[in-house]
Amino acid sequence: MSIVAALPPGKQGVASALNDLTREIGGVLGIAVLGSVFNARYRSDTGDAVSALPAAAAMIVLPRRR
C-alpha cells in the first residue's frame, strides 16, 4: 500500500486497481501451475497402481480411450 500512498490522489485509484489485478493474475497462474503439477503426479501414480491389477479390473479403473 505504500506504492499507492506515494502517488497523487488522482492516480491512487488506478494504482490500487493495478495492484489488485497483479495479485489476481498471480493467484490464477499459481493455481493453474499447481493444479497441473498435482494432476500429472496423480495420473502417474494412478497408472503405476493400476498396472498391478488384473486386466479386467484395470479396464474398469482406466478404460481405453476410443
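**Ser44**

I looked up Ser44 and found it in helix 2. Helices here are DSSP runs of H or I with at least four residues, strands are runs of E with at least two, and both are numbered from the N terminus. The model is predicted: local features need pLDDT of at least 70, side-chain atom pairs count only at pLDDT 80 or more, and totals for chains, interfaces and linings use all residues. I note that residues are numbered from 1 along each chain as its sequence is written, and that side-chain values use heavy atoms, with hydrogens and water left out.

The cut-offs are under 20% relative accessible area for buried, over 50% for exposed, and partly exposed in between (1.4 Å probe, protein chains only). I then took the C-alpha distance from Ser44 to Thr22, which is 33 Å. Those two are 22 residues apart along the chain.

**Gly47**

Gly47 also sits in helix 2. Gly47 counts as partly exposed, because its relative accessibility is 29%. How far apart are the C-alpha atoms of Gly47 and Leu62? I get 8.3 Å, for a pair 15 residues apart along the chain.

**Val61**

I moved on to Val61, in helix 3. Its relative accessible area is 44%, so Val61 is partly exposed. Which residues does Val61 contact, leaving aside neighbours within four places in sequence? I find Val50 and Leu53. Contact means heavy atoms within 4.5 Å. Gly27 is another matter: Val61 and Gly27 are 33 Å apart, C-alpha to C-alpha, and 34 residues apart in sequence.

**Leu29 and its patch**

Leu29 belongs to helix 2, residues 9-50. Leu29 counts as exposed because its relative accessibility is 52%. Together with Leu18, Leu21 and Ile25, Leu29 makes a nonpolar surface patch of about 380 Å². Patch residues have over 30% relative accessible area and no salt bridge; like charges are joined within 9 Å, nonpolar side chains (Val, Leu, Ile, Met, Phe, Trp, Tyr) within 5 Å. A salt bridge is a side-chain nitrogen of Lys or Arg within 4 Å of a carboxyl oxygen of Asp or Glu. Areas come from the Shrake-Rupley method with a 1.4 Å probe; for residues, only the protein chains shown count as cover.

**The whole chain**

I counted three helices and zero strands. Along the sequence the pattern reads α-α-α. The C-alpha trace spans about 70 × 25 × 10 Å along its principal axes. The radius of gyration is 23 Å, while a compact globule of 66 residues would have one near 11 Å. That radius is taken over C-alpha atoms, and the globule rule is 2.2 Å times the number of residues to the power 0.38. Buried residues make up 6% of the 66.

**Confidence**

Mean pLDDT is 84, and 92% of residues reach 70 or more. pLDDT is the predictor's confidence in each residue, from 0 to 100. Among the elements, helix 2 has the highest mean (90) and helix 3 (residues 55-61) the lowest (77).
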